[in-house]
Amino acid sequence: MTQTARTKGPVRIIGAGLLGTSIGLALTKLGVSVTLEDASPANLKLAIDYGAGVKASNADQPSIIVVCVPPDVTASAVARELLAFPSAIVTDVASVKSQILDELVAGGADLTRYVGSHPMAGRERGGAMSGRADLFVGRPWVISSGDATAAKAVALIEDLALDLGSAPL
């Protein structure tokens with residue numbers, strides 16, 4: 001039986017490491033359109049070659065953006081994506097949340113479209129080569145929304161987590 005995706009694409013993933021590639025693999029397996037961006041051309045090419053999505057472009061019109069970069073640059077990446085794509089919901093998968101939220105508030109970001117989240121999943125190895133479509137199956141996915149976050153935004157990220165096989169919390 002084929003699962004119907006709750007998530008409507010395209011989904012833009014920033015960061016083609018373990019988590020970004022795994023999210024892309026799972027979504028493309030469900031037939032969701034995924035675009036990928038990574039600072040490393042080698043990581044990006046590998047994730048694309050594995051089937052996690054296609055190369056992102058400035059003309060993309062994503063419905064959801066998932067930021068999968070190290071925590072020290074997550075806030076700046078989220079802020080950039082919120083500005084570049086004013087109709088998209090933006091989430092991140094960083095393990096820390098208060099510092100990111102503080103930076104976004106200080107920068108005047110549109111918090112109605114930002115939903116912090118963190119999948120409780122991983123592997124002993126990182127990088128695109130370690131990506132797996134089933135990485136999130138049966139794993140908790142913490143969703144951390146703020147007072148300003150729109151209910152619709154939270155619901156879209158819950159649907160994303162469910163599509164990946166996670167249990168949203």
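Where does glutamine 61 lie? Glutamine 61 sits in the loop between strand 3 (54-55) and strand 4 (64-67), where strands are DSSP runs of E, at least two residues long, and helices are runs of H or I of at least four, both numbered from the N terminus. Keep in mind that this is a predicted model, where local features need pLDDT of at least 70, side-chain atom pairs count only at pLDDT 80 or more, and totals for chains, interfaces and linings use all residues. Residues are numbered from 1 along each chain as its sequence is written, and side-chain values use heavy atoms, with hydrogens and water left out.

**The loop and the cis peptide**

- Glutamine 61 is exposed, at a relative accessible area of 55%; exposed means over 50%, buried under 20%, and partly exposed in between (1.4 Å probe, protein chains only).
- Glycine 9 is 52 residues from glutamine 61 in sequence, yet their C-alpha atoms are 9.0 Å apart in space.
- Glycine 9 is joined to proline 10 by a cis peptide bond, with omega at about 0°.
- Most peptide bonds are trans.
- Proline 10 belongs to the segment before strand 1 (11-14).

- Threonine 91 lies in strand 5 and is buried, with a relative accessible area of 0%.
- The threonine 91 side chain reaches the backbone oxygen of valine 115 at 2.5 Å, and it also makes a polar contact with the side chain of serine 117 at 2.8 Å.
- A polar contact here is a pair of N or O atoms within 3.5 Å; within protein, one must be able to donate a hydrogen and the other to accept it, and residues adjacent in sequence count only if both atoms are side-chain atoms.
- Setting aside neighbours within four places in sequence, threonine 91 is in contact (heavy atoms within 4.5 Å) with Ile65, Val66, Val67, Val115, Gly116, Ser117 and Ile157.
- Aspartate 92 is also found in strand 5, which covers residues 89-92, and counts as buried at 0% relative accessibility.
- A polar atom of the aspartate 92 side chain lies 2.9 Å from the backbone nitrogen of alanine 94.
- Not counting residues up to four places away in sequence, aspartate 92 touches a set of residues including Val67, Thr74, Lys97, Tyr114 and His118.

**The aromatic pair**

- Searching the whole structure turns up one aromatic pair.
- That pair is phenylalanine 136 with tryptophan 141, and it is tilted, at 5.4 Å centre to centre and 55° between the planes.
- Rings of Phe, Tyr and Trp (its six-membered ring) pair if their centres lie within 6.5 Å; planes under 30 degrees apart are stacked, over 60 edge-to-face, and the rest tilted.
- Phenylalanine 136 is buried at 0% relative accessibility, and tryptophan 141 is buried at 0% too.

- The largest pocket has a volume of about 210 Å³.
- Its lining has 14 residues, and the closest to the pocket centre are Leu19, Cys68, Val69, Val93 and Ala94.
- A pocket is an open set of points on a 1 Å grid over the protein atoms alone, where a 1.4 Å probe fits, with protein on both sides within 12 Å along at least five of seven lines; lining residues have an atom within 4 Å of a point.
- Grid points are joined across faces, edges and corners, and the volume is the space filled by probe spheres set on them.
- Helix 1 (18-29) and strand 6 (114-119) each supply at least two lining residues of the largest pocket, and helix 1 gives the largest share, three residues.
- The largest pocket's lining divides into 10 nonpolar, four polar and no charged residues.
- Nonpolar covers Ala, Val, Leu, Ile, Met, Phe, Trp, Tyr, Cys and Pro, charged covers Asp, Glu, Lys and Arg, and the others, Gly among them, are polar.
- The second largest pocket has a volume of about 180 Å³, and its lining has five nonpolar, two polar and three charged residues.
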